[in-house]
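Please look through the sequence and the model shown below before reading on. The paragraphs that follow go from the overall fold to single side chains.

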Amino acid sequence: MQIDEPRKTQIMPNNLSAKVKEVDINEVFEDILFSEEKVIEDAYQHGYQIGTSEDSIEGYHLGYHRGAEFGSELGYYEALAQYYIENAENLRIPSKILKPLNALKEGCDEFPHTNSEETDLFEAIEKLRVLYKKIAAQLKIKSDFKKEGIQF
C-alpha cells in the first residue's frame, strides 16, 4: 500500500502584490509633503522648454526690428553730420558747431554692431539723440527724427 503524499499546491503569485514593492512610510509622507514643490518644479521645467523653443522666434523678430530702427536712426544722424561737415565752408558752419558734428559722426561710427553685456545700447543711442538735438538747435533745423517711414 502506498501512502499518498500530501499534495503540494502551487501558489500563483498575485500580480498586484508583485507590482507593489515594500515602501518606507517616511518616504510616503515625504512625497506627500513635497508634492507641491515637485509639481511646481515640473511645471517650471515644462514652461521653460516651451518658452525657449517658441518665444525665441518672437524675441528674434523683436530684436531684429528694434535693431533696424536703431540702424535707420544712426544712418540719419551720420548722413546729416557727414553732409554738414563736408559742406561746412559753403554753408558757413561755425567751428563751434563742427566739433559736435564730428562727435556725432564718431559716435555713430563707434556705436556697437552687436549686443554685449558691457554696453547699454539704449544709453548710447540716447546720448547721440541729445547731441543731435543740440546740433539741430544750433543749425536751426527741425530736430525730430520721424520713424513713420520705417516699416518692417
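A residue is called buried when its relative accessible area is under 20%, exposed when that area is over 50%, and partly exposed in between, with a 1.4 Å probe and protein chains only. The model is a predicted one, in which local features need a pLDDT of at least 70 and side-chain atom pairs count only at pLDDT 80 or more, whereas totals for chains, interfaces and linings use all residues. Residues are numbered from 1 along each chain as its sequence is written, and side-chain values use heavy atoms, with hydrogens and water left out.

The secondary structure comes to six helices and zero strands, where helices (H or I, at least four residues) and strands (E, at least two) are DSSP runs numbered from the N terminus. Read from the N terminus on, the order of elements is α-α-α-α-α-α. Of the 152 residues in the protein, 18% are buried. The predictor's confidence in each residue is given as pLDDT, from 0 to 100; its mean over the protein is 81, and 79% of the residues reach 70 or more. Confidence is lowest in helix α1 (residues 15-19), with a mean of 53, and highest in α5, with a mean of 94.

A salt bridge here is a side-chain nitrogen of Lys or Arg within 4 Å of a carboxyl oxygen of Asp or Glu, and the structure holds seven of them. Lysine 105 takes part in one with glutamate 78, where the closest N and O atoms are 3.6 Å apart. This pair links distant parts of the chain, since lysine 105 belongs to helix α5 (residues 95-110) and glutamate 78 to helix α3 (residues 35-86), 27 residues apart. Glutamate 78 counts as partly exposed because its relative accessibility is 27%. Lysine 105 also meets the side chain of aspartate 109 in a salt bridge, at 3.3 Å from N to O. Aspartate 109 and lysine 105 are four residues apart in helix α5, and so about one helical turn separates them. With a relative accessibility of 39%, aspartate 109 is likewise classed as partly exposed.

Another salt bridge joins glutamate 126 to arginine 129, whose closest N and O atoms are 3.2 Å apart. Both residues lie in helix α6 (residues 121-139), three residues or about one turn of the helix from each other. Glutamate 126 is partly exposed because its relative accessible area is 39%, whereas arginine 129 is buried because its relative accessible area is 18%. These two residues and Glu73 are linked in a network of salt bridges.

Helix α6 also contains alanine 136, which is buried because its relative accessibility is 1%. Between alanine 136 and isoleucine 97 there are 39 residues in sequence and 9.8 Å in space, C-alpha to C-alpha.

Which residues form a nonpolar patch on the surface? They are Ile25, Val28, Phe29 and Ile32, with about 390 Å² of accessible area together. Patches are made of residues with over 30% relative accessible area and no salt bridge, like charges being joined within 9 Å and nonpolar side chains (Val, Leu, Ile, Met, Phe, Trp, Tyr) within 5 Å. Phenylalanine 29 has its place in helix α2 and is exposed because its relative accessible area is 51%. A patch of negative charge on the surface gathers Asp24, Glu27, Glu30 and Asp31. Glutamate 30 lies in helix α2 (residues 25-33) and is partly exposed because its relative accessible area is 49%.

Most residues other than glycine have a negative phi. Arginine 92, by contrast, has a positive phi, near 55°, and lies in the loop between α4 (88-91) and α5. It counts as exposed because its relative accessibility is 75%. Lysine 140 has a positive phi of about 55° as well, although it is not a glycine. Lysine 140 lies in the segment after α6 and is exposed because its relative accessible area is 74%.

Definitions and conventions
Areas by Shrake-Rupley, 256 points an atom, 1.4 Å probe, with all protein chains shown as cover. Lys, Arg positive; Asp, Glu negative; His and termini not counted. Charge placed at Lys NZ, Arg CZ, Asp CG, Glu CD.
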